[in-house]
Amino acid sequence: MKAIPYGWREYSAEDTLRFYALRLHEVGMLRSTPQKLLAQGTDWRFFNELKHELKT
């Protein structure tokens with residue numbers, strides 16, 4: 001994974017998770033697709049509320 005250049009600090013957590021899940025799915029380390037993994041394994045409500053509160 002070190003060989004793949006990806007500035008994860010510059011992107012959102014959801015995009016970062018999607019990127020690494022896709023790479024791991026391509027090499028066979030994950031059975032689920034990135035979309036399925038995000039839908040079933042994450043709950044972004046907390047982060048969305050936090051972003052909303054920080055903007056105001």
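From the N terminus on, the elements of the chain run α-α-α.

Guide: This is a predicted model, in which local features need pLDDT of at least 70 and side-chain atom pairs count only at pLDDT 80 or more, while totals for chains, interfaces and linings use all residues. Residues are numbered from 1 along each chain as its sequence is written, and side-chain values use heavy atoms, with hydrogens and water left out.

Visitor: How do you know how many helices and strands the chain has?

Guide: Helices are DSSP runs of H or I with at least four residues, and strands are runs of E with at least two, numbered from the N terminus; the chain has 3 helices and 0 strands.

Visitor: Why is H1 called oblique to H2?

Guide: Helix H1 (residues 13–26) and helix H2 (residues 34–41) pack at an angle of about 135°, their axes 9 Å apart. Angles under 35 degrees count as roughly parallel, over 145 as roughly antiparallel, 65 to 115 as roughly perpendicular and the rest as oblique, so H1 is oblique to H2.

Visitor: What makes the contact of H1 with H2, and which classes of residue does it have?

Guide: With contact meaning heavy atoms within 4.5 Å, H1 contributes Glu14, Leu17, Arg18, Ala21 and Leu22, and H2 contributes Pro34, Leu37 and Leu38. By class, this contact has 6 nonpolar, no polar and 2 charged residues.

Visitor: What makes Thr42 partly exposed?

Guide: Thr42 lies in the loop between H2 and helix H3 (45–55), and because its relative accessibility is 24%, Thr42 counts as partly exposed. Leaving aside residues up to four places away in sequence, Thr42 touches Leu17 and Leu37. The C-alpha atoms of Thr42 and Leu17, 25 residues apart along the chain, are separated by 9.8 Å.

Terms used: Axes fitted to C-alpha atoms, helices over the stretch in contact; angles between N-to-C directions. Nonpolar A, V, L, I, M, F, W, Y, C, P; charged D, E, K, R; others polar. Buried < 20%, exposed > 50% of the residue type's maximum accessible area, 1.4 Å probe, protein only.
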